[in-house]
Amino acid sequence: MSVLVNAIVMLGMLVVIPAGLRLVGASELDRMRRLWPLFAVPGAVALWLPRGLPATALAVCYALGAVLLALHAPPRLLRNLMTSAVRAAAPAEIALLTALVAPSIAATALVAERSGHTLFGFGLGILALTVPHFHFAGFAAALVAGLVCRVADSAAGRFAALSVPLGTLSVLIGYFVGDWAELAGAVVLTAGMWTVALLTWRSIRGGRQDRITRLLLATSSAVLVATMALALSWALGEATGLPHPTLTWMAATHGLGNALGFALCSVLALQRLQNRTDHEGRTA
């Protein structure tokens, strides 16, 4: 399972985060995006080293980059509060701010796990799984929900943009409170992600995307339905004692599906749509 989890985390570090930052369309993030490999490459190497000082030092390097990214959130929030037009788009901004902060949570767990120390009473196994969770449920899901909300200016879009960050936060709180609180967070997060899937599917039916883009969007929406059903069944089983998938099975299905089928496909599709819009703008 560790090999699979490491590969999933590497995808998040090296591909999904820098590509996602480009999709935000914020000039103040351009420098962070260009510098990101300087932090992400050491973090990726740290995943494969034995626990100890070298792995910890490389993980700290990644954590530094994640903290620098998170530091973009407060000034962006302050600018938003002073701009009435942005206040009207608050749900999308909340989701995007969540995406900026989430990698720092993942990086904190990575530093603790690579050093071989528990954190807040959580063992090394849980910490290792927290790292991909906050790269994908934290960064990728919140980012996509925010971008979908920008495009789909509707009650459903706003619900998705708010429920994904709220669900992610609730799952994190559930780590400390108990299985039932984690289940509640999983329900909220699943509702938000299924709404993202629905809005994505609607965009395919009503849009003018090329075949590859439609295929990527269709894959991401279909995968979300399945992977979030698995997440919900796991959380329900943990809370009630009902039979549910093992963590190894969840990593191979829920984790891999969200990484490749949802996050990567969504980012690639949104990138293609952005490039098309930029090209049409230059042509005009």
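Is Cys-61 buried, partly exposed or exposed, and what is its relative accessibility? Cys-61 counts as partly exposed, because its relative accessibility is 25%, where buried means under 20% relative accessible area, exposed over 50% and partly exposed in between (1.4 Å probe, protein chains only).

## Basis of the model

The model is predicted: local features need pLDDT of at least 70, side-chain atom pairs count only at pLDDT 80 or more, and totals for chains, interfaces and linings use all residues. Residues are numbered from 1 along each chain as its sequence is written, and side-chain values use heavy atoms, with hydrogens and water left out.

## Overall fold

The protein has eleven helices and zero strands; helices (H or I, at least four residues) and strands (E, at least two) are DSSP runs, numbered from the N terminus. The radius of gyration of the protein is 18 Å, close to the 19 Å given by the globule rule for 284 residues, so the protein is as compact as a globular protein of that length. This radius is taken over C-alpha atoms, and the globule rule is 2.2 Å times the number of residues to the power 0.38.

Along the principal axes, the C-alpha atoms fill a box of roughly 55 × 45 × 40 Å. Of the 284 residues, 49% count as buried.

## Cysteines

The count of disulfides is zero, a disulfide being a pair of cysteine sulfur atoms within 2.5 Å. Cys-265 is buried, with a relative accessible area of 12%.

## Aromatic pairs

There are four aromatic pairs. Rings of Phe, Tyr and Trp (its six-membered ring) pair if their centres lie within 6.5 Å; planes under 30 degrees apart count as stacked, over 60 as edge-to-face and the rest as tilted. One of the pairs is Trp-36 with Tyr-62, edge-to-face at 5.5 Å centre to centre and 70 degrees between the planes. Trp-36 belongs to helix α2 (residues 30–48) and Tyr-62 to helix α3 (residues 53–70), so this pair ties together parts that are 26 residues apart in sequence. Both Trp-36 and Tyr-62 are buried.

The ring centres of Phe-122 and Phe-176 are 5.1 Å apart with planes at 75 degrees, so this pair is edge-to-face. Phe-122 lies in the loop between α6 (90–115) and α7 (124–151), and Phe-176 in helix α8 (residues 155–177), so the pair ties together parts 54 residues apart in sequence. Phe-122 is buried, at a relative accessible area of 16%, whereas Phe-176 is partly exposed, at 48%. Phe-120, Phe-122, Tyr-175 and Phe-176 form one aromatic cluster.

## Salt bridges

The whole structure contains six salt bridges, each defined as a side-chain nitrogen of Lys or Arg within 4 Å of a carboxyl oxygen of Asp or Glu. Arg-76 and Glu-28 meet in one of them at 3.4 Å, N to O. Arg-76 is in helix α4 (residues 73–81) and Glu-28 in the loop between α1 (2–24) and α2, so the pair ties together parts that are 48 residues apart in sequence. Glu-93 and Arg-76 also form a salt bridge (2.9 Å, N to O). That pair links distant parts of the chain, with Glu-93 in helix α6 and Arg-76 in helix α4, 17 residues apart.
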